[in-house]
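Dear colleague,

Please find below the structure that I am handing over to you. My notes on what was found in it follow directly after.

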Amino acid sequence: MERNVVGWFEIPVKEMDRAKKFYSTVFEKKLTDMPMDDLEMATFDMVDDGPNSGGALVKGEETTPSSSGTVVYFSCDDIQNELSRVEKSGGKIVFPKTPIGEYGFISHIIDTEGNRIGLHSVN
């Protein structure tokens with residue numbers, strides 16, 4: 001079976017409630033608590049048989065937020081919508097909506113936990 005290489009992602013957080021509020025506000029999506037043995041986890045709602053991959057916010061002893069590591073890109077209808085909510089939610093815009101030719105647009109932001117994430121839209 002053909003599939004995308006990424007099957008799941010986890011974004012480390014320091015304060016789960018603050019991070020959940022940031023992500024649910026910026027992306028207007030619900031997060032669901034999913035406690036694990038030694039981790040606090042909140043998952044992004046997933047669409048069965050939908051494109052892309054699912055993921056979660058995680059808090060644990062061995063998770064450390066970073067703005068200099070791997071960048072996870074969130075798909076958006078139009079990046080400008082999410083960017084309009086970033087700073088009001090306690091985040092920071094690293095660079096604004098930027099064209100990447102035929103592939104649409106990207107932007108990078110820093111969340112309330114110090115993670116750099118990317119935004120991508122075709123529009």
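Predicted model: local features only at pLDDT ≥ 70, side-chain atom pairs only at ≥ 80, totals over all residues.

Residues are numbered from 1 along each chain as its sequence is written, and side-chain values use heavy atoms, with hydrogens and water left out.

Phe74 has Leu119 as its bridge partner in E8. Strands E5 (residues 72–75) and E8 (residues 116–121) pair in the parallel sense over 4 bridges; pairing requires at least two DSSP bridges between the strands. Helices (H or I, at least four residues) and strands (E, at least two) are DSSP runs, numbered from the N terminus. E8 also pairs with E7 (residues 105–110), in the antiparallel sense and over 6 bridges, with Ser121 of E8 as the bridge partner of Phe105. The hairpin of E7 and E8 has 5 residues between the strands, and Gly114 there takes a positive phi near 100°.

Turning to helix H1, its buried residues are Met16, Ala19, Lys20, Phe22, Tyr23, Val26 and Phe27. Seen down the axis of H1, these residues fall within an arc of 165°, so they line one face of the helix; the arc is that of the directions from the helix axis to the C-beta atoms. Asp17 and Lys21, on the other side of H1, are exposed. After H1 comes Glu28, with a positive phi near 50°.

As to the aromatic residues, the whole structure holds 8 aromatic pairs, that is, rings of Phe, Tyr and Trp (its six-membered ring) with centres within 6.5 Å; planes under 30 degrees apart count as stacked, over 60 as edge-to-face and the rest as tilted. Tyr23 and Phe44 form an edge-to-face pair, because their ring centres are 5.8 Å apart and their planes at 80°. This pair joins helix H1 to strand E3 (residues 40–44) across 21 residues, and both Tyr23 and Phe44 are buried. Tyr23 and Phe74 form a tilted pair, 5.9 Å centre to centre with 35° between the planes, and these two residues are 51 residues apart in the chain. Ring pairs link Phe9, Phe22, Tyr23, Phe27, Phe44 and Phe74 into a cluster.

Terms used:
Buried < 20%, exposed > 50% of the residue type's maximum accessible area, 1.4 Å probe, protein only.
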